[in-house]
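I opened my notebook to keep a record of what I looked up here, going through one part at a time. The entries below follow the order in which I checked things.

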Amino acid sequence: MRSFHNKRVFVTGGASGIGLGIVKALAKRGAFVVIADLRPDHIDRALVEIREAGLANTVAALTLDVTDRAAFAAVAERMDIELGGIDILVNNAGVGVEGPVLEAGYADWDYGLGVNLGGVVNGLQSFLPRMIAHGRGGHVVNVSSLAAAVRMPANFAIYAAGKAAVLNLSENMREELAGKGIGMSVLCPAFVRSNIHEAALNRPAHLREGSGFANSEASLLERPPGNDWMDPETVGEIVAEGILAGRLHIVTHGEFRDKMRERNEALMDAVPQAAFQY
Ligand SMILES: NC(=O)c1ccc[n+]([C@@H]2O[C@H](COP(=O)([O-])OP(=O)(O)OC[C@H]3O[C@@H](n4cnc5c(N)ncnc54)[C@H](O)[C@@H]3O)[C@@H](O)[C@H]2O)c1
């Protein structure tokens, strides 16, 4: 992809944090961007920021729960009818599901994996056939995390598992998509200033029952991101450059290099020198 001019972009979880940073970066560069988000309060706030940034004419918003497959399919159809389809899909919606994994109930697995992995799967299933059918090519950005590539404390096991799956599926789909003129990037950020600590507020009622994470999510709510964490608008700029450069891995933070190497070397150390004789 050479430019964002007149490109139509769909960003899940685009009303806050990293998603909103990406929305602004691409809208500023000439794209028409649709924000799809679960939270009407986030959408209202985001639209004020968008107006203040002078981008009101190039951004629209709708509510969508990325775990709702029927709603996702209906929205994809609507994008075909109203916009002639989309060119860039950003599967960004995610939740900071966090708690002691040995206390997790199925509700916690379903919540964490349902949004962080299932939401990406639903985005791909809803939009990819349509993006391929319109024949203009395009790009997909899946938002993973550095948690996918470094060893995390056990409280993040469900989060890391979902993010690792997103990293792997992005790597493994890339070649096939390239054959259809569609690029693939996977974003792996570390600490970014956002509302990721609001996992408790994004959890649907039916997944509160049977959760073992109520206490951890309540204390997470009291732990807002640090002021020195990366600005989401900086992430948006990095993503815009990454798409134009056709980068598969978009990594924002350099301070986890050693941890990442440690993890990769531990895996390599377990690999026998000799190949198996078939
Ligand atoms: N902030 C970080 O430090 C960080 C680090 C690595 C990865 N990430 C990832 O970045 C992505 C964006 O997170 P963020 O940090 O900007 O958090 P955020 O909470 O500020 O933004 C996420 C947005 O997704 C929306 N959302 C939540 N569940 C949804 C659902 N079911 N359907 C549709 N929208 C939903 C929320 O309303 C919110 O507006 C996530 O996938 C997150 O895991 C964040």
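**Entry: a pair of helices.** I began with the crossing of α1 and α9, which is right-handed; the model I was reading is a predicted one. Helix α1 covers residues 17–28 and helix α9 covers residues 232–244, and I found that they pack at an angle of about 55 degrees, with their axes 7 Å apart. Angles of 65 to 115 degrees would count as roughly perpendicular and those under 35 degrees as roughly parallel, and α1 and α9 are therefore oblique to each other.

I then looked up which residues make this contact, and on the α1 side I noted G17, I18, L20, G21, I22, K24, A25 and L26, which meet P232, E233, V235, G236, E237, V239 and A240 in α9. Sorted by class, the contact of α1 with α9 is made up of nine nonpolar, three polar and three charged residues.

**Entry: two strands.** Next I turned to strand β1, residues 8–12, and found that it pairs with β2 in the parallel sense over five bridges. Within this pairing I noted that V9 stands opposite V33 in β2, and that F10 stands opposite V34 in β2.

Is β1 enclosed or open? Five of the five residues of β1 are buried, so I wrote down that this strand is largely enclosed by the rest of the structure. For β2, residues 32–37, I found that five of the six residues are buried, so this strand, too, is largely enclosed by the rest of the structure.

I also checked which way the residues of β1 point, and saw that R8, F10 and T12 point one way while V9 and V11 point the other way, all of them being buried. I set beside this the general rule that in a regular strand the side chains alternate between the two faces of the sheet.

Entry: Last, I looked up D65, whose place is in the loop between β3 (59–63) and α3 (69–83). Is D65 buried or exposed? A residue counts as buried if 20 or more other C-beta atoms lie within 10 Å of its own, and D65 is buried because it has 20 other C-beta atoms within 10 Å.

Leaving aside residues up to four places away in sequence, I found that D65 touches L38 and A71. I also noted that D65 and G226 are 161 residues apart in sequence and 27 Å apart in space, C-alpha to C-alpha.

Note on methods. Residues numbered from 1 in each chain as written. Predicted model: local features only at pLDDT ≥ 70, side-chain atom pairs only at ≥ 80, totals over all residues. Axes fitted to C-alpha atoms, helices over the stretch in contact; angles between N-to-C directions. Helix = DSSP H or I, 4+ residues; strand = E, 2+ residues; numbered from the N terminus. Parallel < 35°, antiparallel > 145°, perpendicular 65-115°, else oblique. Left-handed = near helix turned anticlockwise from the far one by under 90°. Contact = placed C-beta atoms within 7 Å. Nonpolar A, V, L, I, M, F, W, Y, C, P; charged D, E, K, R; others polar. Buried ≥ 20, exposed ≤ 12 C-beta atoms within 10 Å, placed from the backbone. Pairing = 2+ DSSP bridges.
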